[in-house]
Amino acid sequence: MAEENFMETGRLEAFYDAIIAIIVTVLVLELPQPATASLASLWALKTSYFAYVISFLVCANLWQYHHLIYNHVDRINTKIIWQNIVLMFVFSLVPYLTIFVANHPNEFIPQALYGLDFIIVDIILYYMAKSLLEINRENEEYLKSALNVREALYIPLIIFFIGFIIALLGYPIAIIICCLITIIRTLYISLKV
């Protein structure tokens, strides 16, 4: 069996930073302008602003989490690069889904797709974490703590599942609220690492 080629993380991190910056830029450019320069017009767009804030926090949270992890990773391989590419592909849907949710705040399908995007990102992060642990044994203790499966995957999935059940019962906005709860929880956990 041929020896695996390992790479440094710098180019991947730069690519990741660029993609997140583009996503955040698209998010803000997609915000609708108020019809008039009044508080009433601003208030009429509250759903768009709420969806924007949550999506922005998701971007910031994912960037911060990625930075935290890759600060303690010395090498990557092709498998990890492709996991990150798939992650960025799924995550790049956030601006589109944010507008979809903002335009249809009380409908299940937009909310469900928005929540599903979060779930898929969490699953990809889980597999990426396993791959990183396999080839970065010297930082295994830190990485195991930072990439704790229960904290990083199971609890968010449970929160999203609860949001989906509440949404099916007639309160679609529950999914986006569960996304916000997960973001706040993840930010709190990442501050402890």
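**View 1. The side chains of Ser55 and Tyr114 meet in a polar contact of 2.7 Å.** A polar contact here is a pair of N or O atoms within 3.5 Å; within protein, one must be able to donate a hydrogen and the other to accept it, and residues adjacent in sequence count only if both atoms are side-chain atoms. This is a predicted model, in which local features need pLDDT of at least 70 and side-chain atom pairs count only at pLDDT 80 or more, while totals for chains, interfaces and linings use all residues. Residues are numbered from 1 along each chain as its sequence is written, and side-chain values use heavy atoms, with hydrogens and water left out.

**View 2. Ser55 sits in helix H3.** Helices are DSSP runs (H or I, at least four residues), numbered from the N terminus. Ser55 counts as buried because its relative accessibility is 0%; buried means under 20% relative accessible area, exposed over 50%, and partly exposed in between (1.4 Å probe, protein chains only). Setting aside neighbours within four places in sequence, Ser55 is in contact with Leu27, Val94, Thr98 and Tyr114, where contact means heavy atoms within 4.5 Å.

**View 3. Helix H3 (residues 46-70) crosses helix H5 (residues 94-103) at roughly 150°, with their axes coming within 8 Å.** Axes are lines fitted to C-alpha atoms, for helices over the stretch in contact, and angles run from 0 to 180 degrees between N-to-C directions. H3 and H5 are therefore roughly antiparallel (angles over 145 degrees; under 35 is roughly parallel, 65 to 115 roughly perpendicular and the rest oblique). On the H3 side, look for Thr47, Ser48, Ala51, Tyr52 and Ser55, and on the H5 side for Val94, Thr98, Val101 and Ala102. By class, these residues are five nonpolar, four polar and no charged. Nonpolar covers Ala, Val, Leu, Ile, Met, Phe, Trp, Tyr, Cys and Pro; charged covers Asp, Glu, Lys and Arg; the others, Gly among them, are polar.

**View 4. H3 and helix H6 (residues 108-135) cross at roughly 0°, their axes coming within 13 Å.** The two helices, H3 and H6, are therefore roughly parallel. H3 brings Ala51, Ile54, Ser55, Val58, Leu62, Tyr65, His66, Ile69 and Tyr70 to the contact, and H6 brings Tyr114, Phe118, Val121, Leu125, Met128 and Leu132. The contact of H3 with H6 has 13 nonpolar, two polar and no charged residues.

**View 5. Leu93 lies in the loop between helix H4 (78-91) and H5.** With a relative accessible area of 36%, Leu93 is partly exposed. The C-alpha atoms of Leu93 and Leu113 are 9.9 Å apart, and the two residues are 20 residues apart along the chain.
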